[in-house]
Amino acid sequence: MSTVINLPVGNEIRTTFDRVAKLVPQLSQSTAEQRIARIRRLMAATLAARPRIYEAVKAERGLSPPDVDGELVMLKMEAGHIEKHLADWMSDKSAPPSLMT
C-alpha cells in the first residue's frame, strides 16, 4: 500500500522522503546483486553504530546491550534470508494465486 503524507514544506521528514522518492525509478531497475550489496552496507553501518543504538534503545525502551544484541541478531538473520532468496523473488516467474485472489 502506498500512502501520501502531506507534511509542511521544509519539514526534515518531507525533505528526506522527497529525496528518496526521486531514487525510486533507479532503484526499481537495480539487480539482485546491487540490492544485496545495499543490504550488506546497511547491515555493516547498523552494526558499526551499535554503541549509539545501545544508548538510544536504553533511553527509549530501557533495554540492556545483550537484549539489543538479540534484536540485532534477528535483523542480521533477516538480512541473510533476503540475500539468499532475493534473486528468486525478483525472477519473472508467475506466482500462484493466493486465497484472496
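1. Before the packing angles, one convention: helix axes here are lines fitted to C-alpha atoms over the stretch in contact, and the angle between two of them runs from 0 to 180 degrees between N-to-C directions. Keep in mind, too, that this is a predicted model.

2. Starting with the overall layout, the protein chain has five helices and zero strands, so along the sequence you read α-α-α-α-α. Of its 101 residues, 14% count as buried. Among contacts with a separation of 6 or more, 46% come from residues 24 or more positions apart.

3. Now for H3 against H5. The two pack at an angle of about 170°, and their axes are 9 Å apart. That makes H3 roughly antiparallel to H5, because any angle over 145 degrees is put in that class. From H3, the contact takes in Ala32, Arg35, Ile36, Ile39, Arg40, Met43, Thr46 and Leu47; from H5, it takes in Leu72, Leu75, Lys76, Ala79, Ile82, Glu83, Leu86 and Ala87. By class, that contact comes to eleven nonpolar residues, one polar and four charged.

4. Arginine 35 is worth a look if you're checking H3, the helix it lies in. With a relative accessibility of 26%, arginine 35 counts as partly exposed, since that class sits between the 20% and 50% cut-offs. Setting aside residues up to four places away in sequence, arginine 35 touches Leu27, Ser28, Ser30, Leu86 and Met90.

5. Moving along H3 (residues 32-48), you get to threonine 46. Threonine 46 has a relative accessible area of 17% and is therefore buried, the limit being under 20%. Leaving out neighbours within four places in sequence, threonine 46 is in contact with Ile53, Leu72 and Leu75.

6. On to H3 and H4: their axes come within 5 Å and cross at roughly 65°. The pair is therefore roughly perpendicular, a class that covers 65 to 115 degrees.

7. The remaining pair to go through is H4 (residues 50-61) and H5 (residues 65-89), whose axes come within 10 Å and cross at roughly 110°. H4 and H5 are therefore roughly perpendicular to each other as well, and H4 passes H5 in a right-handed crossing. In this contact, Arg50, Ile53, Tyr54, Val57 and Arg61 of H4 meet Pro65, Val68, Asp69, Glu71 and Leu72 of H5. The class count is six nonpolar, no polar and four charged residues.

8. Last, the core. Which residues form the largest nonpolar core? There are five: Tyr54, Val57, Leu63, Val68 and Leu72. H4 and H5 each supply at least two residues of this core. Valine 57 is one of the five; neighbours within four places in sequence aside, valine 57 is in contact with Gly62, Leu63 and Val68. Another core member, Leu72, is also a contact of threonine 46.

Key. Residues numbered from 1 in each chain as written. Predicted model: local features only at pLDDT ≥ 70, side-chain atom pairs only at ≥ 80, totals over all residues. Heavy atoms only, no water. Helix = DSSP H or I, 4+ residues; strand = E, 2+ residues; numbered from the N terminus. Buried < 20%, exposed > 50% of the residue type's maximum accessible area, 1.4 Å probe, protein only. Contact = heavy atoms within 4.5 Å. Parallel < 35°, antiparallel > 145°, perpendicular 65-115°, else oblique. Left-handed = near helix turned anticlockwise from the far one by under 90°. Nonpolar A, V, L, I, M, F, W, Y, C, P; charged D, E, K, R; others polar. Core = buried A, V, L, I, M, F, W, Y, C linked by side-chain atoms within 4.5 Å.
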